[in-house]
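My notes follow in the order I checked things.

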Amino acid sequence: MTMRERDQRPWAPTVFDAVVIAVVGTIIQAIYLRFGSISFECDALAFANNADFILGTGGPYLPYRGPGYSLFLIATGRGWVDSLYGTIAAQAAMGIAAPVLVYLTLRPLGRWVGIVAAAMLLASATSFSYALVILPQQLSMFLIVACVFFFSRYYFSDRPLYLYALAVTAVLAMLTRGEGLPLLLILGGFSALVSLVRRRNRAHVALACLCSLVLVFAHTNQRSQTLNDPSLTTSLSNWSGRQFFLQPYLLQGRHVERIRRTVLAEPANGEWSRHFVHPDNGAASRRFYEMIEAAYADPAAYAYLEALLDPENAGEAAGTGSADSVYHRLFGQFEGDHRALAMNVFTAPHMVYFDNIWPMLDRDMGMRASDAIFMDVAWEAVWANPEILIAFAQNAFWYLGIDLVSVLEGRAGPGDTIRQARYWASSDRPPPGSDETGGLVRNFVINAYFYPRFDVAGCASAGLSDEVFQDYARSYPEMGGGDGQATTILTALEFTGTLTMMVTGLGVVLGWWILLFSPRRLFWLSIGLSALATLAIISAGNTASAKYDPILQPMFAMIFAGVLSDVVGRLVGGRDRRGTDALKERT
């Protein structure tokens, strides 16, 4: 069989292409490992403590996060190897493997479709940038790419083995981060649809679904037993309501004011201090207010909070504490007037309020009911202030590399992009989100995880042994490690990556509909809906942050490659009956 004949088979991954992609990925990953610093923040400490709890060696249980990353920490050394290097090596290997899997996922559609998708992911550098970050991002990214890969293998081969691989991988992705849930539902659903249409493997589909349910139930049952709460047997994390609540609760009125002027063409009305979670929004919001009022009617609550937030003045006579302390500003000044304090929770939103309220509600109502009321309050805020949805949309477009409000204001264009790059590269660049940085491209803001702060809040020193902490410290320039070239090199990589994400995002936004007319529309629809659902969950539950790029960019790169292939195919003469792209035929 000639090379050309092998290349024209529906499933024939080219070893040479895969090796080249892996070599390029290894070089980029090596740059991050050489010049980056290890990030071990307080969330990392929570996962490490949860791993210790699973091992039975101490540490508090982490009930609101899946056990996926904690188990990964154990598998890569936590508890049996006194080092972070095993975890870092595994995460680096995942970063290198992800572009290769992206190539293999699309290879049945044609060689160049896979190459383009892998090249865009390589250029964005999103699969490499979190190898040194002790957080679930890298593992979650790899598992999501693996889910799409196994779905592709099943779609093009009908081999039931890939159904089971997809079922297990999707559950692991969901137990690592909640964003894995859409892939479990959507890719699982499309796998069942493919089997029904082709009248094959229907029994295997049922068994794969049963396998997923068993794995999920094993987790939820263990979690409910650990927390001694049988009502949690059918729930996953009981954090989604709180996560969604924080978006309208912390959203600033001045931010939506700009959106109103831009999108709704409304004149400025001066509501710069407006907040969107309010007792008048509905029954759940009113009940939420009454529960907060009742909680702070107890004088013992103030003594506890003062000891926690202002320990130097705890136990002193009322009014003797510092007027500038967090306790005085948020609680102390309202002591004796619990109604005013309850209203201040709504009119002066603060994370300290949130962090104090949800444990009280968990204690009084149980985790499931507590999370439900946060979800109800959030939805009432959205219904009462539908313009909040525009803020969610702005978050979504940010992940696509587009500053939506600047585009709608007519301030977007090549000149703005160049101006952004100049500000971004300067030492006195304006703060993120300022009007000076608006443009077509999202703000060129250096990812904080590329340049982590050393031992924030003492979490690294608390969670690492002395020997491991020394290894961690040596990766920081201020501790005598690192390299003076690190900033220049990593900045250049991020600059290139941001431009790549802009190109990918524009391609996805402008051309997604083309794939609806593709001969492989069912395949593309499964990836597109998975990406859309994941993007919606992230945009509605979190402020825009580069830490979610690794989860989204691989799927965006695949869609971009599909759009480009379809457009070029139609321009240069269409496709053959197998759906092989015209770019491959030309080569």
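I counted disulfides in this predicted model and found one. I then looked up the pair: Cys-42 and Cys-459, with sulfur atoms 1.9 Å apart. I noted that the two cysteines are 417 residues apart and link distant parts of the chain, Cys-42 lying in helix α3 (residues 42–55) and Cys-459 in helix α22 (residues 459–463).

I checked the handedness next.

I looked up accessibility for both partners. Cys-459 has a relative accessible area of 7%, under the 20% cut-off, so I wrote it down as buried. Cys-42 comes to 33% and counts as partly exposed.

Cys-147 is buried at 0% relative accessible area. Cys-211 is partly exposed at 26%. I found Cys-211 in no disulfide; the nearest cysteine sulfur belongs to Cys-209, 9.8 Å away.

I moved on to the second largest pocket, which holds about 510 Å³ of space. I recorded 20 lining residues, and those closest to the pocket's centre are Val-508, Trp-512, Gly-528, Leu-532 and Ile-559.

Which helix gives the largest share of the lining? I found α25, with ten residues. I listed the elements that supply at least two lining residues each: α19 (388–399), α24 (486–511), α25 (521–541) and α26 (549–572). I sorted the lining by residue class and got 17 nonpolar, two polar and one charged.

Conventions. Residues are numbered from 1 along each chain as its sequence is written. This is a predicted model: local features need pLDDT of at least 70, side-chain atom pairs count only at pLDDT 80 or more; totals for chains, interfaces and linings use all residues. Side-chain values use heavy atoms; hydrogens and water are left out. On a 1 Å grid over the protein atoms alone, a cavity is a set of points where a 1.4 Å probe fits but cannot get out, and a pocket is an open set with protein on both sides within 12 Å along at least five of seven lines; lining residues have an atom within 4 Å of a point. Grid points are joined across faces, edges and corners, and a volume is the space filled by probe spheres set on the points. Helices (H or I, at least four residues) and strands (E, at least two) are DSSP runs, numbered from the N terminus. Ala, Val, Leu, Ile, Met, Phe, Trp, Tyr, Cys and Pro count as nonpolar, Asp, Glu, Lys and Arg as charged, and the others, Gly among them, as polar. A disulfide is a pair of cysteine sulfur atoms within 2.5 Å. Buried means under 20% relative accessible area, exposed over 50%, partly exposed in between (1.4 Å probe, protein chains only).
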